Amino acid sequence: MEKIKIKSHKYPHRPHIEVEGTLLKKTDQYFLVLCDESATLKHFIRNTELPFQYKTLHFLSKYYGYSVFITLNDAYEPIKIFCNISSPCERNKDGDITYLDLDLDYVKTSHNEWVLRNNDMFLENSAKFNYPFQLANFALVSLQELKNNIADNKFPFNVTDFSEYIK
């Protein structure tokens, strides 16, 4: 299986995060990457490295304006779901999966409630970095599309056991 880096940046071209994992699946619609518990997330804006404590499965859409990071327990069941509103993901010339992080996060809490995070950051960065209207609008439309896909139980939100995707 292929080792691959996931890299995001913030508008306009500020490096944001980087993590390395194993490419499990590539379709016309998405990439599926597994990071093991020894992986480290490099956070360039905060100038820090954060070690993972669990396996994480990364659903990186080539079509939708979001990516999904799923923290898994030892039975490959989701224990936390973190959705990042972003540009669709693509591979760059180095083979890395890249996307533009659009600040908004939609997170499933331990109480099975979905919560929007970083709305203030989105509004501040939109003004500070002069997001084009189309980009800001794309973020808001993508957030609604994400909410619809969760409600409609679309992949990966319809999976309660990811073991068949990992083996």
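Me: What makes Arg14 count as lying over the face of Phe129?

Reply: Arg14 lies 3.9 Å from the ring centre of Phe129, and a charge sits over a ring if NZ of Lys or CZ of Arg is within 6 Å of the ring centre and within 35 degrees of the ring normal. Lys62 likewise lies over the face of Phe31, at 4.5 Å from the ring centre. This is a predicted model, in which local features need pLDDT of at least 70 and side-chain atom pairs count only at pLDDT 80 or more, while totals for chains, interfaces and linings use all residues. Residues are numbered from 1 along each chain as its sequence is written, and side-chain values use heavy atoms, with hydrogens and water left out.

Me: How many aromatic pairs does the structure hold, and why is the pair of Tyr30 and Phe155 called tilted?

Reply: There are 13 aromatic pairs. Rings of Phe, Tyr and Trp (its six-membered ring) pair if their centres lie within 6.5 Å, and planes under 30 degrees apart count as stacked, over 60 as edge-to-face and the rest as tilted. The centres of Tyr30 and Phe155 are 5.3 Å apart and their planes stand at 35 degrees, so the pair is tilted.

Me: Why is the pair of Phe122 and Tyr131 called edge-to-face?

Reply: The ring centres of Phe122 and Tyr131 are 6.2 Å apart and the planes are at 65 degrees, so this pair is edge-to-face.

Me: How do you know whether Phe122 is buried or exposed?

Reply: Phe122 has a relative accessible area of 3%, and buried means under 20%, exposed over 50% and partly exposed in between (1.4 Å probe, protein chains only), so Phe122 is buried. Tyr131, at 6%, is buried, and Tyr30, at 11%, is buried too.
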